[in-house]
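Good morning. I have one structure to go through today, and I will keep to what can be read from it. Please look at the picture before I start.

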Amino acid sequence: MQQQKPLLTKLPIKDLAKKIICDGHLFLFSGERKFYLMKPGVFVDPAFIKKYAVTNPVFDFESVVNLEVKEKFTKHFKELRYLQFEKDLRLKCSEIVKEFYQTYSEPEHFLSFALACHEAFCVLPLEDQAKMHETDMHLFRKALYASAFSIIVGMANDFYHYLMLKDFYNLTFSLDIGLCASSYSYYVAEACNSENRNPGSGKKHLREEKASQIEMDVFHNHPQKSYQYLKDTPILSYPELAEVCLYQHELTDGTGFPRGIMKGQVSSWEAIVIFADSLVEITAEYQFETSVVPYLLNFENQKLKDLPVNRVYKKLCLAFSHFQAMKETGS
Amino acid sequence: MERMRKPLAILNLTGALLPELKEYFISRNILVIDPLISSATADWTHIITKDIHDFNLINDTYDLTEKDRHIISLTKMDDLQNFTINNGNLILDDVWFKGNLGSFIMDKYFQGYGGITLGDNYPSFQELGSFNVTNPFNTGEYLDRLVQKAFETGVEALNLKTYFDHLIMYVAGLKKQGKAGFPFEFTYGSYEDVFALQMHFFSDHLEILDVTTSLSTVISKRAEEYFLNLAVQSADFFDFSYMPEVNKVIITGLWTKDERIKFENRGLMFSALDVGRVFHKYENEGSTSALISQSPIPDFTERLFFSKTASELNNEVSVVKGSKEEEESSTVVAGSPDEKETSTTVKGQSEEIPEPIIVKGSEPEDTDDEVRIIKGEIGLDEVVNIVKSKFEEEKSVIRVSGNKLDIDKVAYKIAASVDETTKESNLKVRSLGNKIPDMIKTGLYDFAKNLNKPIDDLGDDDIDRFQVEHLPEIIKQGILKKNETSAKDPSSAAADPLKEAEAKLKASSEENEKLKSQMKTLASEVKILKESKAKMLEIQMKASKAVQEEASPVKADSDDELRKHFQQKINDQKILNEMELKKLAGLLERESKLIAEVKAEELKSRKLHIENLQKEAFFAQEIEKTQRQLKAKDLMLIKTKESFTKLVERKDNEVTELRHKNEQLSRTLATSPAQAQEKNIQNLEKQKANLFKQLDVYKIKLSSLASKMQSSKGDDHKEEARKLQMQNNQLKNQFEVSRKEAEKWQAKTGQMLSEVNSLKQEKIQLELLIKKLNSEVSNKEPPKTEAPVNDQELRRMQAQNQILENQLKESASRMVALESKLQETMKSQKNLPMGGDDGSKVKITQLENSVKKLTQDLVENRNLLGEAKKETNKLRQEKTALQNQLDKLKKEALKAKSAPAKKTGKAA
């Protein structure tokens with residue numbers, strides 16, 4: 001296949017300042033050299049804008065977002081918001097899942113969907129989003145993608161109400177907001193990734209890496225801090241859902257943290273958030289430029305051993321396979 | 001947690017357990033004690049009842065709420081509120097034990113396992129579907145699917161639907177109170193012929209009151225008071241569990257096709273409920289099951305925290321409790337190897353008292369006999385009352401020897417201090433406490449009495465003092481007594497038959513004495529009861545009389561004489577003749593008969609006692625009911641009073657308002673109307689004055705007009721008429737002129753039309769000429785003379801047009817002038833002075849008529865003018881059309897001119 005040349009467009013800084021999330025690769029030509037300034041899916045930092053606004057530059061911009069896809073999902077979400085009857089809601093959600101399946105069975109950047117979701121559901125204050133970005137821009141991007149996954153997983157698990165889905169989004173987004181601390185480090189992020197991949201291994205990882213006690217504390221207390229953040233910030237339509245923050249790292253055998261609660265007590269909606277969170281890691285590598293559906297269908301994680309999470313994952317696969325079956329049989 | 005840590009000890013107040021249930025308890029090694037058979041006590045965790053509907057008494061008797069004891073009822077509850085308030089949390093009919101589900105529910109209840117999903121909670125159920133509710137008023141679609149599945153499994157869908165609707169409304173009510181959180185997650189499934197619907201939701205501050213308040217049986221205006229009750233009544237089995245660690249409530253409803261399970265034997269279970277507080281912890285050991293499991297009900301016995309051993313329990317249980325407890329025997333529902341040990345713990349006269357009943361052991365016949373006795377003679381309700389009677393017996397003992405239970409407590413303390421090594425272990429202390437003789441207890445009671453203190457209030461110092469000062473003496477006395485008795489004991493009596501008879505006599509006399517004392521105590525009890533409840537105990541009176549009559553102490557007295565006689569003889573002669581031996585045998589027979597009679601009497605008295613208690617309970621219930629009714633009536637009265645007072649207040653207010661209004665009106669009547677009238681009068685006077693003035697003015701005017709009329713007379717009028725006629729004639733002339741002009745215009749337009757027609761004809765001719773020319777151009781040169789002719793014609797036409805336009809302008813200006821003149825004449829007509837004479841009036845009318853005519857003429861003229869204008873416009877349009885045609889013709893002519901020239905050029 002012939003590789004397409006990147007389509008560079010000129011983007012003045014005033015146009016960049018209008019964006020909350022960078023939807024492409026941002027470059028700046030200085031003399032003969034090209035500087036790579038911003039990745040897609042990253043929060044457009046006001047400090048960055050302030051810094052470059054002095055010289056008023058025009059950047060070279062390579063968009064990765066398919067505006068058609070974004071508009072399509074934005075329209076769907078808008079329609080979903082004003083539907084009232086259960087049947088209509090269910091049909092709309094199944095339509096969205098179907099659309100998602102069809103769109104992301106092919107290589108398509110996930111950011112289009114993530115941006116549509118962010119536009120439709122995110123109510124997190126901008127300063128808190130900036131705080132996440134300041135802590136780690138990969139942490140922000142992880143939150144952006146994971147929360148977008150929570151919408152599709154929620155819909156596949158029979159949650160159709162806009163407000164409920166909105167809460168899932170914001171819950172998933174702020175699930176790791178408790179990590180935002182001055183002592184956050186690469187090791188903490190790695191511990192989180194390790195914990196997501198293999199529950200119970202986070203603390204072990206930190207010990208192996210000889211992390212400091214403060215780092216250990218940040219990692220240990222982040223569920224409680226996230227919970228506290230959601231309690232203090234009235235962003236949820238159903239505030240009782242904030243409880244899920246406390247279960248994100250609890251294990252079936254009661255050896256998890258912070259409380260050591262049995263996982264048999266986790267509801268399916270809580271499992272949706274936990275599962276969505278485990279789909280993305282805090283890393284620079286994830287770009288989701290390829291097709292996402294095969295990634296989801298082939299997802300393997302230790303968290304899936306937990307019954308509620310497994311149920312949620314099975315339902316997602318069932319929703320996808322249903323459409324796949326429809327496609328294959330031509331019915 | 002606490003519940004599970006405690007070894008399970010169940011007090012059975014049902015009398016006879018169903019064999020299946022009995023088997024269940026045996027298989028699970030759970031201690032069950034029947035108070036009818038055994039007076040052994042334990043730290044009860046549960047009390048099983050049957051056919052009892054008021055649990056207040058049981059709660060008071062066994063301190064259910066304080067000691068966290070729970071009631072299991074084997075019959076349907078009429079008043080669920082009363083049941084749950086009194087720590088009742090399981091209703092399971094015997095019928096449930098006919099199938100697998102009964103033992104499964106019992107396992108779940110005792111072990112307290114569960115989970116969010118149906119698979120966790122009821123592992124053997126196959127999940128059929130699930131849905132989430134975020135809007136409780138938008139559930140129709142899910143319910144339809146649920147009902148369809150229920151139909152498929154053959155479950156009564158109407159019940160299911162009723163259950164769902166009421167349950168969701170109950171939870172919606174909780175949500176409204178902020179005690180439940182969205183979403184409500186539902187899972188449904190089936191196992192064999194049982195259909196299950198489970199829901200769970202987040203609940204932060206749920207209390208038992210939130211459950212009990214919705215369990216009302218009364219259908220009232222406030223639906224939230226009976227939602228849950230209706231839901232419970234719609235399900236065959238209702239399971240309400242709470243998980244405090246995650247603040248979640250799980251509600252499961254079960255429906256079965258089993259025809260044995262009817263409305264009367266529906267089940268209910270409240271797990272982890274506690275009175276007045278937030279729910280207790282729910283024991284969960286992370287039990288997660290496969291999503292869909294068809295496996296049979298698993299054995300969870302490993303999870304159960306069993307009692308150590310039956311003997312250990314018995315040791316713990318068998319606390320010394322005065323003389324009554326000498327008959328102690330425990331019913332151990334355990335096929336343990338410790339049967340012998342348990343039997344050895346039985347105190348008192350082990351020969352006479354029946355052996356401890358072991359349900360599963362070497363002597364099943366005995367147990368069966370016992371069960372039959374219980375079944376035949378005593379009803380299930382009576383059993384409960386027996387327990388109560390025992391409690392009251394204890395009370396009576398307390399009256400005699402102080403607070404026995406408190407003595408036990410203190411005795412433990414003493415025992416602990418005697419043996420310091422056992423201080424830490426409470427159980428060991430308890431076991432030591434069992435061994436403490438009664439003497440010490442009575443001594444302690446006396447000591448406390450001397451101090452004028454209740455035993456509870458005895459401090460450590462007092463106990464120390466008791467130990468130092470009194471205890472050694474008591475022990476000494478005890479030892480001396482023991483020595484005395486041992487000295488009295490005949491050591492070589494066994495060999496001699498006389499000695500045997502003597503021993504028997506002694507034993508029988510002792511027995512007799514004991515029985516007498518028992519009789520006395522019973523009589524005293526009956527008397528106490530009589531005294532206390534004379535009104536409602538007519539039957540008890542009869543019973544006590546019968547007891548008194550049948551007690552027959554006379555026989556005993558005669559026997560006593562005989563006994564003394566024989567004893568003396570044996571002591572003196574140590575030989576008895578045959579007659580005497582026969583008499584002795586008869587005496588012994590009588591003694592044994594007497595014993596049997598006493599026993600029978602005792603049983604009778606117990607029965608009577610039980611009856612009394614039943615009656616007492618019944619009367620208590622009745623009293624309660626009447627009290628409730630009274631309360632209700634009081635409430636009604638209060639409410640009616642309130643309503644009346646409100647009404648009275650309202651009426652008072654109305655009266656006061658009316659009074660105020662009256663006062664105001666009276667005031668206004670007294671003050672304001674006079675002023676108003678005065679004002680009105682003044683105004684009227686003013687108006688009157690004005691009118692008089694106006695009258696004067698009019699009079700003056702009339703007089704002046706009359707004078708004017710007299711002076712001018714007919715000359716002026718004639719002149720005016722002439723002038724008017726002149727004007728009229730002028731106007732008529734003008735109209736005629738305008739008409740003529742219009743006619744002229746019409747004529748002109750006719751001319752113009754004819755001209756247009758002629759022009760059209762000319763045009764046609766020209767076109768024909770052009771065509772001819774065109775045809776000729778191809779062959780010949782065009783004639784040069786036609787073009788100037790056309791030009792001349794065009795010029796002429798333009799000149800005519802200009803003339804016509806000028807004429808139109810002139811006519812328009814004339815029309816405008818005419819209109820202005822007409823308006824002036826109208827004004828002048830209007831300004832004409834009104835005459836006072838009849839002649840002038842006639843003239844005025846004539847003038848008016850003429851004016852009318854003139855106006856009509858004017859209107860006609862205006863119409864004509866409008867038509868003329870329209871015609872002129874038409875003419876203009878035609879003119880412009882003609883001009884256009886002319887222009888076209890000119891162009892065509894020019895083209896025609898230029899075309900032959902080109903052709904000629906080309907040709908050249």
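Start with chain A. It has 15 helices and four strands. The chain is 331 residues long, and 48% of them count as buried. Now take the contacts in chain A with a separation of 6 or more: 73% of these come from residues 24 or more positions apart.

Which residues of α3(A) are buried? They are Val69(A), Lys70(A), Phe73(A), Phe77(A) and Leu80(A). Turn to the face of α3(A) directed away from the buried side, and you find the exposed residues Leu67(A), Glu68(A), Glu71(A) and Lys75(A).

Now the two chains together. Here 26 residues of chain B are in contact with 23 residues of chain A. On the side of chain B that touches chain A, the elements that give two or more residues are β6 (126–133), β7 (181–191) and β8 (194–202) of chain B. Of these, β7(B) gives the most, with four residues. Sorted by type, the residues on that side of chain B are eight nonpolar, twelve polar and six charged.

Last, confidence. The model scores ipTM 0.81 and pTM 0.49. For chain B the mean pLDDT is 68, and 62% of its residues reach 70 or more. Over residues 273–435 of chain B the pLDDT is below 50, although this stretch has 298 contacts in the model beyond near neighbours in sequence. Residues 832–837 of chain B also stay under 50, and there the model has seven contacts beyond four places in sequence. Where pLDDT is low, the predicted coordinates should not be read in detail.

That is the end of my part.

Key: Residues are numbered from 1 along each chain as its sequence is written. Chains are lettered from A and ligands numbered from 1 in the order in which they are written. This is a predicted model: local features need pLDDT of at least 70, side-chain atom pairs count only at pLDDT 80 or more; totals for chains, interfaces and linings use all residues. A residue is buried if 20 or more other C-beta atoms lie within 10 Å of its own, exposed if 12 or fewer, and partly exposed in between; C-beta atoms are placed from the backbone. Two residues are in contact if their C-beta atoms, placed from the backbone, lie within 7 Å. Ala, Val, Leu, Ile, Met, Phe, Trp, Tyr, Cys and Pro count as nonpolar, Asp, Glu, Lys and Arg as charged, and the others, Gly among them, as polar. pLDDT is the predictor's confidence in each residue, from 0 to 100.
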